[in-house]
Amino acid sequence: MKLPDEGFGDFFRRLRRAKGFKSQKELSEASGVSQATISRIEDGTQTPQPETLKQLSDALGVSYRDLMVLVGHWKEKDDSVNIGGMLKKETNALYETEKKH
């Protein structure tokens, strides 16, 4: 599964915001993952390890398996992920607005 027109970091930033975490610090406090690590994931300079994805998926309330597939840690015949189901509709509109700037 490949993310459409964006890397995992950009997707992850949208996901964090869609789930109500306005800052990396808020997600850090809820997940136990350092703010620096979250920043590097969102910047695309770090690929999150499975243990980190587990902590983040629990805090975000999304499927650990889906995040593993999107990052590339999960390989199987059916590697489909419902990306739209992970994000709220209003966040998609916010993303389109951000892309125009």
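Predicted model: local features only at pLDDT ≥ 70, side-chain atom pairs only at ≥ 80, totals over all residues.
Student: What makes H1 a helix that is called mostly covered?

Tutor: A helix here is a DSSP run of H or I with at least four residues, a strand is a run of E with at least two, and both are numbered from the N terminus. Helix H1 spans residues 8–18, and nine of its 11 residues are buried, where buried means under 20% relative accessible area, exposed means over 50%, and partly exposed lies in between (1.4 Å probe, protein chains only). Among the buried residues of H1 are Phe-8, Phe-11, Phe-12 and Leu-15.

Student: Why is Asp-66 called buried?

Tutor: Asp-66, which lies in helix H5 (residues 64–71), has a relative accessible area of 14%, and therefore it counts as buried. In the protein chain as a whole, buried residues make up 39% of the 101 residues.

Student: How do you know that the side chains of Asp-66 and Arg-65 form a polar contact?

Tutor: A polar contact is a pair of N or O atoms within 3.5 Å; within protein, one must be able to donate a hydrogen and the other to accept it, and residues adjacent in sequence count only if both atoms are side-chain atoms. The contact that joins Asp-66 and Arg-65 is 3.0 Å and runs between their side chains.

Student: Why are H1 and H3 called oblique to each other?

Tutor: The two helices pack at an angle of about 120°, with their axes 6 Å apart; the axes are lines fitted to C-alpha atoms, for helices over the stretch in contact, and angles run from 0 to 180 degrees between N-to-C directions. Angles under 35 degrees count as roughly parallel, over 145 as roughly antiparallel, 65 to 115 as roughly perpendicular and the rest as oblique, so H1 and H3 are oblique.

Student: What makes H2 and H3 oblique as well?

Tutor: Helix H2 (residues 24–31) and helix H3 (residues 35–43) pack at an angle of about 120°, with their axes 8 Å apart, and H2 and H3 are therefore oblique to each other. Their contact (heavy atoms within 4.5 Å) includes Leu-27 of H2 and Ile-38 of H3.

Key. Residues numbered from 1 in each chain as written. Heavy atoms only, no water.
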